[in-house]
Amino acid sequence: MNQERRLVLCVPEDMDGMRLDQFLTVQLEQSRSYLQKLIKSGNVTNNGNFVMKTKVPVHFNEEITVIRSEPETLEILPEQMDLDILYEDKDILIVNKPKGMVVHPAAGHMSHTLVNGLLYHCQGQLSGINGIMRPGIVHRIDKDTTGALVVCKTDLAHHSLAEQLSVHSITRKYNAIVYHNFSQESGTIDKPIGRHPVERKKMAVTDISKGKRAVTHYQVIDRLNHQFNYIECQLETGRTHQIRVHMSYINHPLLGDYVYGPSSTGHFSNLQGQTLHARILGFNHPVTNQYLEVEAPLPPYFVEALNYLKK
């Protein structure tokens with residue numbers, strides 16, 4: 001069971017009339033979006049009365065209590081792994097995730113996940129905001145998608161990157177091999193994505209009332225032959241399976257994607273999933289605020305497929 005921790009703050013005279021969320025942002029030095037969620041979820045009181053609105057003013061000498069849960073003891077076992085670290089400092093690290101690796105433990109995958117390896121590599125020093133099953137994880141990429149993934153060691157770093165994700169300021173560029181030639185060199189897919197109405201394990205382009213806005217920008221890098229194109233996709237939003245769903249929707253499914261594309265890939269039957277690689281990841285560092293960008297080189301399976309198609 002989680003234990004509650006209560007932090008009591010007294011409003012000083014120079015903050016009289018300040019908005020509640022602004023007051024907490026200054027006092028706790030955490031992101032306003034995180035504190036707004038705390039308020040809306042009923043974790044803040046004013047003189048003992050629960051406050052659910054973020055914009056209500058606070059007044060001199062009022063007692064603001066913030067209720068937070070202490071993180072549960074993590075029961076996931078650390079595992080020594082040969083992680084491909086692209087960048088690391090005391091606040092974050094960026095890992096180049098290989099194909100076939102699940103990001104965090106879940107039913108049926110309690111070991112050999114990226115989180116198991118991170119717990120060993122970071123000696124348990126990972127942010128706890130996303131719960132005991134996803135320490136340090138701000139965003140995910142699919143099991144069979146390769147490439148750059150940022151991990152947070154501190155809650156402060158996690159708050160900053162989560163906020164950058166929410167305002168779509170993080171640079172995320174993916175490379176993919178897709179079926180069919182494009183009629184134009186570049187384009188934008190702006191279609192909402194939600195749960196598939198019949199196959200609940202899949203996502204689909206849906207009505208906005210049943211999904212969330214999803215925007216993918218794409219650019220043709222190379223027309224490999226009459227059947228395949230090599231493209232770059234830049235995410236403006238980050239919905240589950242977004243690139244795979246959007247490309248399939250416009251009749252350009254990813255090579256090797258047996259969920260949203262053809263069930264057979266002929267010569268490429270050994271691909272073990274979609275040819276999708278998170279190549280570029282860029283953001284403002286959560287502590288220095290300097291822009292940081294890393295590139296994950298194309299993995300061997302991807303290069304091999306490209307070379308074969310170019311022939």
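Student: Which element gives the largest share of the lining of the largest cavity?

Tutor: In this predicted model, a cavity is a set of 1 Å grid points where a 1.4 Å probe fits but cannot get out, and lining residues have an atom within 4 Å of a point. Strands are DSSP E runs of at least two residues, and helices are H or I runs of at least four, numbered from the N terminus. The largest share, three residues, is supplied by β14.

Student: Which elements each supply at least two residues of that lining?

Tutor: The lining of the largest cavity consists of His139, Ala148, Arg172, Tyr174, Ala278, Ile280 and Leu281. At least two of the lining residues come from each of β8 (171-179) and β14 (276-284).

Student: How many residues of the lining are nonpolar, polar and charged?

Tutor: Ala, Val, Leu, Ile, Met, Phe, Trp, Tyr, Cys and Pro count as nonpolar, Asp, Glu, Lys and Arg as charged, and the others as polar. The lining of the largest cavity therefore divides into five nonpolar, one polar and one charged.

Student: Why do the buried residues of α2 line one face of the helix?

Tutor: Within α2 (residues 32-40), Tyr34, Leu35, Leu38 and Ile39 are buried, that is, under 20% relative accessible area. Viewed down the axis of α2, the buried residues line one face because their directions, taken from the axis to the C-beta atoms, fall within an arc of 140°.

Student: Which residue with a positive phi follows α2?

Tutor: The phi concerned is near 80°. The residue that follows α2 is Gly42.

Terms used
Residues numbered from 1 in each chain as written. Predicted model: local features only at pLDDT ≥ 70, side-chain atom pairs only at ≥ 80, totals over all residues. Heavy atoms only, no water. 1 Å grid on protein atoms, 1.4 Å probe; cavity = no way out; pocket = protein on both sides within 12 Å on 5 of 7 lines; lining within 4 Å. Buried < 20%, exposed > 50% of the residue type's maximum accessible area, 1.4 Å probe, protein only.
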